[in-house]
Structures are given as structure tokens and as C-alpha cells.
Amino acid sequence: MSTIWVRTLWQLLAIVVFVFAPVAVAWDVATGLLALIAGLLFLLGWHVFHFGLLMGWLEGSLDSPLPRGSGAWEIAFAGLHRRVRIRLGQQQSLTETLERFMRAFQALPDGVIAFDRHRHIDWINERAAAHFALSAGTDRGQALTNLIRHPDFVAYLDNGHFDEPLIYRGGRVEGLTLLLQVIPYGNDQSLLVSRDISQLERMETMRRDFIANVSHELKTPLTVVAGFSEMLAEGYEEYSADEVKRYLKLICEQNGRMQHLIEDLLTLSSLESGGAPPIDERVEVAPMLHSILNDIKALSAGQHEISLAVEMPSVLRGCANELRSAFGNLASNAVRYTPAGGRIELVWRVNAENGAGEFVVTDTGIGIAAQHLPRLTERFYRVDRSRSRETGGTGLGLAIVKHVLTRHQATLAVTSELGKGSCFTARIPAERLLSRQ
Ligand code: ADP
């Protein structure tokens, strides 16, 4: 039997023993019965009072505290209190689980929109809101196809075959390419998952352009080599010794061009793959620049006035080979793009304000129009293709320079005026200068 019934029986027994019996003994049984009825009425009133408290609590707000009672009601209220506490605890942990779940959804790198069978939006995470320029708050409840009206998307939803994803371009966010997939779940509910593939697409385009460029670069020299080789193989004796010599020279030239291109491609690829050696050798700037000076004097063959000024001999922390290749590229470009009779100045100095080392190459050459400047370090970007080829260029020099400088936390600045000349400045940060003598 439950405690409440035991308590109530004890109360009834107490009324009989302590109210009815003494009164019946002191007076008579009739008076005893009257006292018993009065006792029972008091007990009833006491129960009605507590029942009233319980009803008041039940009808009150959900968070109103449980009333206090005594006797059997104290036990009943305590039981209720325990149940309410357990429920609240369960509710709390459910709310926390739901919040964790929502936070996980928000943290997803993909956009997620949950919608019902009428295509009304139930829920949007922030990434999806950004992908479709929606508001995670105010657009809930709206029809998905009212907000994303692109015909490709509407057709994809109408079609109902969601095994294949949809590549979605031309949405409200400019330049964004999304991979969309609908995943049906539960009772006519669906998730629209969106993934930003713009970067992947750009890389794929770059890869395709790169392959097309390399093939194009190799095609011309290969055609020349193949043509002359075939000519000589088929009718060597038909040509004079001078002609044969000239053709062989052309073959050698084109071979050299292809070799140069392959070397530059390998350099670029090793720089880009990050597999290059660590860059903390001691690099003495002055001897390196004197050796570059000798190289470009040989390249110029006396056609230019070339000077080198090392204003402050320094020692750098970096990769000697890479820095020599980058500085050498800037210097040889100055020779290649400066007509005979022009002037080329190489200067090494340390910036007094920030302590950065600066290698400055100034020429009085053909110059570069302003619109080309931002693209100069792109692979295979050339202002004038034929001039670059005539001078043995591969279109990869400045791309290599940029990679090398980036690996040294250095930057490249270019100023130029068409027809007057250019100035290329490689800035090496002060932290990479070991000493300034
Ligand atoms: P390339 O092998 O064609 O010289 P680079 O990457 O070294 O390739 O340079 C890219 C382009 O930048 C060149 O084709 C040329 O048009 C331009 N350029 C680079 N240096 C100079 C310069 N000193 N003067 C004028 N144009 C330059």
C-alpha cells in the first residue's frame, strides 16, 4: 500500500482514537459520533484545501513553483516535485543536445537548407544564407523556389532525380559556383546541401590554361626541329654545306628554347610543390650581384651601359640559388627589354626606415603599359609575345621571381612608363638581413 494511503488511514484512526473514543467515554456514543463527524469534516476540509493548492499550481504558469503541503500532501507534492525536476533535467539536456546539433550544422563548411514537401524553408544555416544571399532569420517559412528562382535550380527540383548534383552558376552572389544536391529524408522533408566549388573551378581552368600554354610553347620549336630534321634526313646531299649548317643552327636554337622552357617549368614546379630545400643559408649579397652583373654584361654583349651599386653590403638568410635566379631574372629582363644603347642600373640598398633590403633594377627600355602591370607575374603572361620569344623568353621568369620572393616573405614592386623604361624592386624583409656592414 502506498505511503499516502497508510498516512490517511492513520489520520482516520487518530480521529477515532483521539476524538471519538474520549468523547464517547466522557459523554455518550451520540456525542462521540458528532465529534467523529466534526473530525472527519476537518480532515475533508484539509484535503480540499491542499487539492485547491494543487489545482492552482496546475492551472498556473509552467514555471510556477510547486505549493508546500503537510502530511500526505507533503509526500504527494514531494513526488510531483521530483518528477518535475527529472523532466526539467531531461528537457535541459535535450535543449543542449539540440543546440550542439544546431551549432554543428552552423559549423559545416557546406550550406544546408531544410525544407518540407511544399518547399517551405524550415531551417537555413549561415553558410547556405551566404551562398544564396538569404536571411537565416526572416526567410524561414518562405517557399524555396520564390527565393531561388534560377530556371536550372527550379528544373532540378521539379525533375525529382537527385542522384546527380547540380552545378549552379549565376545565382545572386556574383562569381560563385555551387554544387547543389537535394537529400530527401523523414516524412517528405528534404535537405538542400550547397558546396562552394568556385576555387576548384578556378584551379581547373588554370590547369587547363597551363597545359594549353605549355603545349603551345612547345609546338613552335618542335615544328621547326621536326621540319628541318626531316628535310635533312630525306635529302641531305641536295643542300650546300652552308645551308646544312644554317638548318642545324636553327635546330640547335629551338632545342635550346625547349630546354630553357623545361628548366623553367621544373623550377616553377619545385617551388610550387613546396618540396624546395629550407631557406636559411647565409647569402652574401655583393658577390652574388657581381656575378649577375657579369652574366648580364655577357648577355648585352656591350650594347648597353650597365652599372651596379651595392650601397650597403649585406648578408641575407635565404636560399642562395633561388635568390640568384630571381635577381638574375630581373636583371636579364632589363637587358632583354632595353634596346641597344639603353642604360641599366642595378642597386642594392637597405631602407633606412624599415630596415628592409631592396634590390632595384632600373632600365631605360621599352616600358610596360599600366594595364599589364598587375598580370606580369602570371605564368606565360607576356606583353609582347614575339619580342619575348626573340629574346629567348619563356614567359615564366617573373612567375618564378614571385614564387621565390614569396618564399622569402619578400615582395616585388614594379613601376614603368611606356617607351621610357621600368623599375623592378624586390624587397626582402628586415628579419632576413643577418648583417649590415
Ligand atoms: P619572359 O620570358 O617573356 O621575359 P617574364 O615572366 O620574365 O617572361 O616577363 C613577363 C613579361 O613582362 C615579358 O614578356 C615582358 O612583356 C614584360 N617585362 C618583364 N620585364 C620587363 C622589362 N624590364 N621591361 C619591359 N617589359 C618587361
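Predicted model: local features only at pLDDT ≥ 70, side-chain atom pairs only at ≥ 80, totals over all residues.
Residues are numbered from 1 along each chain as its sequence is written, and side-chain values use heavy atoms, with hydrogens and water left out.

Valine 383 belongs to the loop between β10 (357-363) and α11 (385-390); helices (H or I, at least four residues) and strands (E, at least two) are DSSP runs, numbered from the N terminus. Valine 383 counts as partly exposed because its relative accessibility is 43%, where buried means under 20% relative accessible area, exposed over 50%, and partly exposed in between (1.4 Å probe, protein chains only). From C-alpha to C-alpha, valine 383 and lysine 420 are 15 Å apart in space and 37 residues apart in sequence.

A polar side-chain atom of aspartate 363 lies 3.0 Å from a ligand nitrogen atom, and a backbone N or O atom of leucine 398 lies 2.7 Å from a ligand oxygen atom. The protein buries 98% of the 530 Å² that the ligand exposes when taken alone; these accessible areas come from the Shrake-Rupley method with a 1.4 Å probe, and for residues only the protein chains shown count as cover. The elements that give two or more residues to the shell around the ligand are α10 (320-336), α12 (397-407) and β12 (421-428). Of these, α10 supplies the largest share of the shell, three residues.

Helix α12 also contains threonine 406. The side chain of threonine 406 reaches the backbone oxygen of lysine 402 at 2.7 Å. Threonine 406 counts as partly exposed because its relative accessibility is 49%. Phenylalanine 49 and threonine 406 are 357 residues apart in sequence and 84 Å apart in space, C-alpha to C-alpha.

A search of the whole structure finds zero disulfides, a disulfide being a pair of cysteine sulfur atoms within 2.5 Å. Cysteine 252 is exposed, because its relative accessible area is 53%. Cysteine 423 is buried, because its relative accessible area is 18%.

How values were computed. Polar contact = N/O pair within 3.5 Å; in protein donor to acceptor, adjacent residues only side chain to side chain.
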